[in-house]
Amino acid sequence: MDILLPRPGNRLETYQLAQHDPLPDPTGAPFQKRAAYAAAHVVIDPVASADPFECAVIDYDSTLAYRHYLWSMGFAVAEAMDTAQRGMGLDWPRASELIRRACAEKAGEIACGVNTDQLDPRDTPTLDSVIAAYEEQCAFVEAAGGRVILMASRLLARCAKSPDDYRRVYGRILPQLKQPAILHWLGEAFDPALAGYWGGADVAECMTSCLEIIGENRQHVDGVKISLLDARLEIGMRRRLPESVRMYTGDDFNYPELIRGDEAGYSHALLGIFDCIAPAAALALRALDAADFTRYNQLLEPTLPLSRHIFQRPTYYYKTGVVFLAYLNGHQRHFRMLGGQESARSVAHLGELFVLADRARLLRHPELAVARMRGILKLAGVGS
């Protein structure tokens, strides 16, 4: 089977699909050796008359069906996070409804993003207003039955003047929770508004500030998820964590080595790329459970070029690739997104994504994927 695709160098080339079977969709209980959260995307209703940029309607049936797909493989679900376009199309009213629905029918572990995005970004935030907003969302998530993921707040980054301000906010929120939270450090590659989060002048100072806050609240912290896209920084922080606190990798460039670990430890996972590579990741994590490191590497290493392509700069547009692959694989009937972000990547980028997904054995139904890719290309004026 072949398809005419735009390729690097501004040219068209016939691509022959790899001659291998797609990876199966495994099912099973949660993984034994690593906690693994898949941050999941949202599906919109493409025929709703609402403005897609301001108030697109979420297709909850399709959105929740994807959560059940992830749960069936053994993943925990990270709900209403960056992968779901939180802060880039998914506002708090829709996020809270999504959290309510997902928690009401959860078929596995679920943790939900808590932020301060019910506040008007045009107002001048204060530490007190940030604390109140966090408290409101934490109460909502815990009442719904989810674990709290305490997301980095753009408004806290705006109003905090020092590490002590972060210490005040987190020291107020964490002791109130019913169960330990997962902290979330999203690097500025994912969100430029979060530069300098934790109050340091550089990454090293920010890390020290974060570690001090964790140390002071360790009984209220399950773990910390960092997305700095730097394996060295993550390993360094991992080795400084209190013994009871987990490191959750959010590094979509280096996750195989970070999850596998070294002689001094390993990272658990809370990853957006798991949305895309769920079959490969689930099989690899089961291989890790069996201490079959060769099989683990064989399954995850081919997914790295795909992940690095999806998360290439500007990194915050990675959601386009996530939704596009879900569309190619038949998980939703269209390629439309909150905020019109289906247009955030070029057709050449999508063509390369198709190739890399095929090489990683992640096109579940190759004939369907080819037909849908051809439709996207035709709309872009490529092919007949």
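Three strands, β7 (181-186), β8 (221-227) and β10 (268-271), each put at least two residues into the lining of the largest cavity. Keep in mind that this is a predicted model. In all, the structure holds two cavities of 30 Å³ or more.

**The largest cavity**
- Its volume comes to about 90 Å³.
- The lining of the largest cavity is made of 15 residues, and T83, K225, S227, G272 and Y318 are the ones that lie nearest the centre.
- Sorted by type, that lining has seven nonpolar, five polar and three charged residues.

**The second largest cavity**
- This one holds about 70 Å³ of space.
- Helices do much of the talking here: α1 (60-73), α9 (273-276), α10 (278-289) and α13 (318-328) are the elements that give two or more residues to the lining of the second largest cavity.
- The top contributor to the lining of the second largest cavity is α13, with three residues.
- The second largest cavity has 13 lining residues, and Y66, D275, C276, N329 and H331 lie nearest its centre.
- By type, the lining of the second largest cavity splits into nine nonpolar, two polar and two charged residues.

**Helices α2 and α3**
- Two packed helices are described by the angle between their axes and the distance between the axes.
- For α2 (residues 92-104) and α3 (residues 127-144), the angle is about 20 degrees and the axes are 9 Å apart.
- Angles under 35 degrees count as roughly parallel, so α2 and α3 are roughly parallel to each other.
- On the α2 side, W92, S96, I99, R100 and C103 make the contact, and on the α3 side E136, Q137, F140, V141 and A144 do.

**Trp198**
- You'll find W198 in the loop between β7 and α6 (203-216).
- W198 counts as buried because its relative accessibility is 0%, and the cut-off for buried is under 20%.
- Leaving aside neighbours within four places in sequence, W198 is in contact with P163, Y166, Y170, L183, H184, W185, C206, S209, C210 and I213.
- W198 and D165 sit 33 residues apart in sequence, with 8.6 Å between their C-alpha atoms.

Notes
Residues are numbered from 1 along each chain as its sequence is written. This is a predicted model: local features need pLDDT of at least 70, side-chain atom pairs count only at pLDDT 80 or more; totals for chains, interfaces and linings use all residues. Side-chain values use heavy atoms; hydrogens and water are left out. On a 1 Å grid over the protein atoms alone, a cavity is a set of points where a 1.4 Å probe fits but cannot get out, and a pocket is an open set with protein on both sides within 12 Å along at least five of seven lines; lining residues have an atom within 4 Å of a point. Grid points are joined across faces, edges and corners, and a volume is the space filled by probe spheres set on the points. Helices (H or I, at least four residues) and strands (E, at least two) are DSSP runs, numbered from the N terminus. Ala, Val, Leu, Ile, Met, Phe, Trp, Tyr, Cys and Pro count as nonpolar, Asp, Glu, Lys and Arg as charged, and the others, Gly among them, as polar. Axes are lines fitted to C-alpha atoms, for helices over the stretch in contact, and angles run from 0 to 180 degrees between N-to-C directions. Angles under 35 degrees count as roughly parallel, over 145 as roughly antiparallel, 65 to 115 as roughly perpendicular and the rest as oblique. Contact means heavy atoms within 4.5 Å. Buried means under 20% relative accessible area, exposed over 50%, partly exposed in between (1.4 Å probe, protein chains only).
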